[in-house]
Amino acid sequence: MLPSRPLLHAGIFALVLLQALASDTFIAAVYEHAVILPDPTEKPVSRNDALALMNKNMDVLEGAIKEAAQQGAHIIVTPEDGIYGWQFTRESIYPYLEDIPDPVVNWIPCTDPLRFGPTPVQERLSCMARNNSIYVVANIGDKKLCNSSDPDCPSDGRYQYNTDVVFDSEGKLVARYHKYNLFRTETQFNYPKEPEAVTFDTPFGKFGIFTCFDILFYEPAVVLVSKMQVDTVLFPTAWMNVLPFLTAVEFHSAWATGMRVNLLSANTHNINFAMTGDGLFTPEGPVAYHYDSGTEEGRLLLGELSTRPHLSPSYPPAINWHLYATSIKKFPEDDTFSGTVRRDVFTFYELRHKAGNYTVCQGDLCCHLVYQMSDKRKNEVYVLGAFDGLHGSLIKYHWQICTLLKCKSTDLDTCGQPVETAQTKFEMFSLSGTFGTNYVFPEVLYSGVQLAPGEFEVLRDGRLKNKRGTSKPLITATLFGRLYEKDLPHPLRSSP
C-alpha cells in the first residue's frame, strides 16, 4: 500500500530538514528568466488577461523550480518582474496585483487559497514550494487600500508596492519585502513609508532580502548585513548592464566580497534592454555565474554555499581600505586628463609604459597603482582613474572609485566608454585608494565580461592584487567605495 500524499510529503520534508541540519552547506539556485512581456498599454487589461500572462511566466518558473528541487536545491530565487514584466503605468499594473498579508498570519496559500480573498498567484507559488519541498523566492505586486484619514494616501485610494515574497518548503509565506529604493522609471509603485529590514531563519542559515536598486543604498542593504547579521541575501533583480563598472555579475560579485556575505542574484533576461547576468556569489568569490548577451534563453544555476560563511576557515578578514594608500608618498601625475564614464567625470592618467608606479587624485580620494603588463600593445590604451563625487541623474549617491581601465580605442576621449573585449594581460597589478569609507567593493573583469574567481585577493591593508599573472586579458580592476553619509536627500520619497 502506498502512503497517502500528506504522509509522503511530510516524510520528504523531514528528510530535507535533517539533511540541511546535518550540513554546514546548502544547495542554492537562481533562475535568469526570459520574461514573457505584456503588450504595452496605458489602459488596464482584464484580471483574467493579466492572470493568463502571469501563468505563462509561472509555467516557465515552475519548470525551473522542479529542476532545481530534483538537483537537491534547498532554495531558489527568481527575478524581479519575473511574473509580469515592466513598463506599466500606475493604472495598467493594477490587474496584476494581489493583497499580500504580513507573514505573521501563518498562512499556506496552497492549502487555504481564499483566506485573504482571491490570491491565485500566491496560491500557485505556494504550491510550487510545497509540492517540490523547496523555498521559493518570487517578485510580485502588492496592493493595500487606504483612505482620507491617511494624509499620504494616493488619490486612487491604494498603495502599490514592488514586493518580494518567500514561501518555505511547506508552502508557508515566511517573508514579504516592499522595495524601498525604486528605480526612476517605477512610477507604478509607491515608496514604503519606512525601510524594511526583512529577515527569516531556516535550517540552513539566516536570510535577508531586498530588490535590485536597493543594493546601492545603506537601507536596507547594509543594515541587513551589518546590523541584522544575515548569512545570505536574496536578491531578485532586473539589472540593466552598464559597462565598465555596473555590469550585473561584476558589481554583485564585488558587493558580496566587500560585505563578506552570500548573495543569491537572480536577474531577468532581455538582451534588448541589456538585462543579463546572475549568480551565486560568496565572500570568497562566485560559486557560479552566468552572463549571456547573445541569446534569448533563460538559465538555471545551482551551487553549494556555506550556511554561515562567517564561520568558514576561509572567511575573509576585515579590511582597512585606506591603510596602504595613505602610508605611501604620493606623487600625483601632472599630465592627467578628464574623461566621462556616463555622466561621472573621472580624473585619468594614461599608462604609457609596460610597467609603472602611479598615483592619481580627485577630491579626497587618491588612487595608487603598481603594475606590470605582459605585453604592451600599441592598439590598446589603459588608464588609472579616480572619481570622488555624486553619481546618478535624479537620485544622487556618493561614489569613491579607483580603477585600472581599458579605453575603447587609442583615442583618449573614449576612456570610460563601454568595452567588452581586450587583448592585454598583466603579470601583476596592485590597486589601492585613500577611501573615506569601510564599504568598498572589489572586482576584476576580464575580456568577454568574465569574472576572475580565485585570481585576485584583497590584502588587509586595502590592496587589490592579482595572485598570479592574469589568465585572460583585462577590461578593468576596480574598487567601488560608497560614502552613504554623503548621499543627497531622496527627491521622490513620497507617494504619487
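Domain bounds here come from an automatic or database domain assignment. On that basis, the protein chain splits into domain 1 (22–311) and domain 2 (322–486). This is a predicted model, in which local features need pLDDT of at least 70 and side-chain atom pairs count only at pLDDT 80 or more, while totals for chains, interfaces and linings use all residues. Residues are numbered from 1 along each chain as its sequence is written, and side-chain values use heavy atoms, with hydrogens and water left out.

UniProt, in an unreviewed entry, lists residues 31–307 as "domain: CN hydrolase"; its positions are given in the numbering used here, feature names are shortened, and annotations may be inferred rather than shown by experiment. That span is 21% helix and 26% strand, and its end C-alpha atoms sit 20 Å apart. Helices (H or I, at least four residues) and strands (E, at least two) are DSSP runs, numbered from the N terminus.

The C-alpha centres of domain 1 and domain 2 are 32 Å apart. Their contact (heavy atoms within 4.5 Å) draws on 27 residues from domain 1 and 31 residues from domain 2. About 2600 Å² is buried between domain 1 and domain 2, with carbon and sulfur atoms giving 74% of it; buried area is the accessible area (1.4 Å probe) that two parts lose on being put together, summed over both. In domain 1, the residues that lose the most area to domain 2 are Leu243, Pro244 and Phe245, together 25% of what that side buries.

As for charges, there are zero salt bridges between domain 1 and domain 2, a salt bridge being a side-chain nitrogen of Lys or Arg within 4 Å of a carboxyl oxygen of Asp or Glu. Helix 5 gives the most, with nine residues.

Most residues other than glycine have a negative phi, and most peptide bonds are trans. Yet the peptide bond from Leu243 to Pro244 is cis, with omega near 10°, and Pro244 lies in the loop between strand 8 (232–237) and helix 5. Another cis peptide bond joins Glu219 and Pro220, with omega about 5°; Pro220 is in helix 4. Cys212, in the loop between strand 7 (205–209) and helix 4, has a positive phi, near 40°.
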